[in-house]
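Have the viewer open and follow along.

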Amino acid sequence: MLLNWAKPKPTDRVTGEWRPIEERSAEPAKTAITAHIGAIFSGPDKVRQKAAEAAGKLGIKDIQPQLLAMLSDTARPAPARAAAFTALGEVAKNELPKVL
């Protein structure tokens, strides 16, 4: 839900009915994720993966340390590490050469 906050899909995500919502500021979603970074990145890998995807799409730069840690942790599943890599490319391109 936070991933598509700024540009929500025109269909209701529960009923599938057509209920378009105008585009809105991404700031509330950024604030919600940023306020809970520690808890999010101490959760399951799937939660970390989705948080990384959302951070990249929303441009949350404060999440760089968690993304770098997730990317360099070889014990994490490949899809989670790939999401961290993609998100870093979106929010901190200059950090990528350091981990490659």
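This is a predicted model: local features need pLDDT of at least 70, side-chain atom pairs count only at pLDDT 80 or more; totals for chains, interfaces and linings use all residues.

**Starting from helix 5**

Helix 5 covers residues 78–91, which is 14 residues, and it reaches 20 Å from its first C-alpha to its last, close to the 20 Å expected at 1.5 Å a residue. That expected span is 1.5 Å times one less than the number of residues. Helices here are DSSP runs of H or I with at least four residues, strands are E runs of at least two, and both are numbered from the N terminus.

Residues are numbered from 1 along each chain as its sequence is written, and side-chain values use heavy atoms, with hydrogens and water left out.

Zooming out, the protein has six helices and zero strands. Its C-alpha atoms fill a box of roughly 45 × 25 × 20 Å along the principal axes. Of the 100 residues, 33% are buried, meaning under 20% relative accessible area with a 1.4 Å probe and protein chains only (over 50% is exposed, in between is partly exposed).

Now for the inside. The largest nonpolar core has 25 residues, and Ile-33, Phe-41, Ile-63 and Leu-67 have the most contacts inside it. Such a core is a set of buried Ala, Val, Leu, Ile, Met, Phe, Trp, Tyr and Cys residues joined through side-chain atoms within 4.5 Å. Helix 5 gives this core its largest share, six residues. Back on that helix, the buried residues are Ala-80, Ala-83, Ala-84, Ala-87, Leu-88, Gly-89 and Val-91.

Pick out Ile-63 next: leaving aside neighbours within four places in sequence, Ile-63 is in contact with Ile-33, Ile-37, Phe-41 and Ala-55. Contact means heavy atoms within 4.5 Å. Across the protein, 49% of the contacts with a separation of 6 or more are between residues 24 or more positions apart.

Why does Ala-92 count as buried? Because its relative accessibility is 3%. Ala-92 and Gly-56 are 36 residues apart in sequence, with their C-alpha atoms 9.2 Å apart in space.
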